[in-house]
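Trainee: Could you walk me through this one? I have not looked at it before.
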Amino acid sequence: MKPAGLENLNLENIGEVFYNLSYDELIKHELDNNECNMTSNGATTVDTGIFTGRSPKDKYFVEHDDSKNNIAWGNVNQPISNEIFQELLQVAKKQLSNKNIYVTDVFTGASTASKRSVRFVTEIAWQSHFVKNMFIRPKEEELPDFKPDFTVLNACKAVNDKWEEMGMNSEVFVLFNVEENVAIIGGTWYGGELKKGIFSMMNYWLPLENKMAMHCSANVGKKGDTCLFFGLSGTGKTTLSTDPNRALIGDDEHGWDDEGVFNFEGGCYAKVIDLKEESEPEIFGAIRRNALLENVVIDEKGNVDYTDNSKTENTRVSYPIEHIQNHVEALQAGHPTNIIFLTADAFGVLPPVSKLSKEQAMYYFLSGYTAKVAGTERGITEPVAAFSACFGEAFLPLHPTVYAKLLGEKIDDHKVNVYLVNTGWTGGAYGVGKRMSIKNTRACINAILDGSINECEFDTTITFRLKVPKTLNGVDTHVLNPRNAWEDKEEFDKTRDKLAGMFIENFKRYCDGNAEFDYSTAGPKVEK
């Protein structure tokens, strides 16, 4: 079968078109092309070259009259002229011409009212495999009439030799043209650019239709109670939503429309550094035939060493969601009962669980806080606060307050409970305290999900003014109020006030007098 509308790509002298290949066909191509190795459990493993993560400084949106007033221009959303875009589009098309290509047609968004159809074009078989894993696969009968709403040309082998002349960051380019519904990628092989590029577009399209786009995982209980887990990388979003007692809707990207919550994707993309079967059995078990590992180290027998970070700390695996036994086949469920904001607080200041008011929910959503720890990056010797609006600022084309306003309206409309859960440190900052135990974190999550947390008595902490339970089944009582877990109370107070100051300083960007609402009073307050 040939894809409909192939001529619209305007590629020259195309060889064979490998269209929506099966997994077996893709794996054969990967092996024949020397793109991958096989692991002992049947998964394939690839290296993504010098780029083992996204390249956010090389991402641009074309500045058009129609869309430029919607986009929040700045460090995240950099403008580029249509003239430069068209020139680099020809570079990408030249790279994809005169050769065999892989064309993969998929959907993003499981909701019928909100889904988009997307066409990916690449010359690399494993990138087609990645797309097949990560997006929603059309049925065979849907392919003859498939008409893409958006097209991605991945010319990863092409580079921009004129980047300095064009005033760009490097020879890499990841460009989005909203009006022409096309994106082009050059100079980077990293699969995550494909995934997050479409996520950025869904974050553009849906809010303009008064629908929420969210960087979160989601699952649903046997009684139909949906829970959303927001969190930045390393906070436990994928791990905590993959629960044998609850059905997984998705692990990373979701929408929320009038019908409820729905997955944007048809697969999962999990970190695998230090992965252990005993602590994450569902993810470990998902790494089998059709799964695609990135940048891991294997021995001559194909055994993976998940502790080896010699290529990158950001080792990953993509797999179709069917590899998680307990998942929601429809990839959607009803409106949420609970929302959980996950943070890995390396300062050891935030409680393991806090119940938030609507105003606090808005504050912590816009703050999008977690912390990097010493040793993860060169030069970091103490915890460093990281604030990413809406727990995904890198993927937000619109101003963060657009998403916050939508979330607030939906919390009100559906009477959603919101909690802040710290999966980071307790009893001291990183280097002094210890990481919150999985046992305690799971107990906090379980109490939220079964509703027992609402039967607790609560204290209110000083400075952050968070409501924390006095006791909670399965959680060590002394860690519930973080100050009690520190031996040096004076040092806790200093660290708490330091972190509070970082929150206050970060939130000033939402208090410029032009903001539609101001939730700064729901944040921490340092007593003088």
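Predicted model: local features only at pLDDT ≥ 70, side-chain atom pairs only at ≥ 80, totals over all residues.

Trainee: Which way do the residues of β20 point?
Mentor: R316, S318 and P320 point one way, while V317 and Y319 point the other way, and all are buried. In a regular strand the side chains alternate between the two faces of the sheet. Strand β20, which spans residues 316-320, is accordingly listed as mostly covered, with five of its five residues buried.

Trainee: Switching to helices, at what angle do α7 and α12 pack?
Mentor: Helix α7 (residues 358-367) and helix α12 (residues 489-507) pack at an angle of about 85 degrees, with their axes 10 Å apart. That angle makes α7 roughly perpendicular to α12.

Trainee: Which residues make that contact?
Mentor: From α7 the contact uses Y363, Y364, L366 and S367, and from α12 it uses F503, I504, N506 and F507. By type, the residues of this contact of α7 with α12 divide into six nonpolar, two polar and no charged.

Trainee: What about the largest nonpolar core, how many residues has it?
Mentor: The largest nonpolar core has 143 residues, and those with the most contacts inside it are I339, F341 and F365. Its largest share, seven residues, comes from helix α4 (residues 192-205). Leaving aside neighbours within four places in sequence, F341 is in contact with residues including F230, L356, Y364, F365 and L420. Apart from this core lies another, of 21 residues, among them V353, A443, I453 and L472.

Trainee: One last thing, is S67 buried or exposed?
Mentor: S67 counts as buried because its relative accessibility is 1%, and the cut-off for buried is under 20%. S67 is found in the loop between β4 (59-62) and β5 (78-80). Leaving aside its neighbours within four places in sequence, S67 is in contact with V62, V178, E179 and Y204.

Definitions and conventions:
Residues numbered from 1 in each chain as written. Heavy atoms only, no water. Helix = DSSP H or I, 4+ residues; strand = E, 2+ residues; numbered from the N terminus. Buried < 20%, exposed > 50% of the residue type's maximum accessible area, 1.4 Å probe, protein only. Contact = heavy atoms within 4.5 Å. Axes fitted to C-alpha atoms, helices over the stretch in contact; angles between N-to-C directions. Parallel < 35°, antiparallel > 145°, perpendicular 65-115°, else oblique. Nonpolar A, V, L, I, M, F, W, Y, C, P; charged D, E, K, R; others polar. Core = buried A, V, L, I, M, F, W, Y, C linked by side-chain atoms within 4.5 Å.
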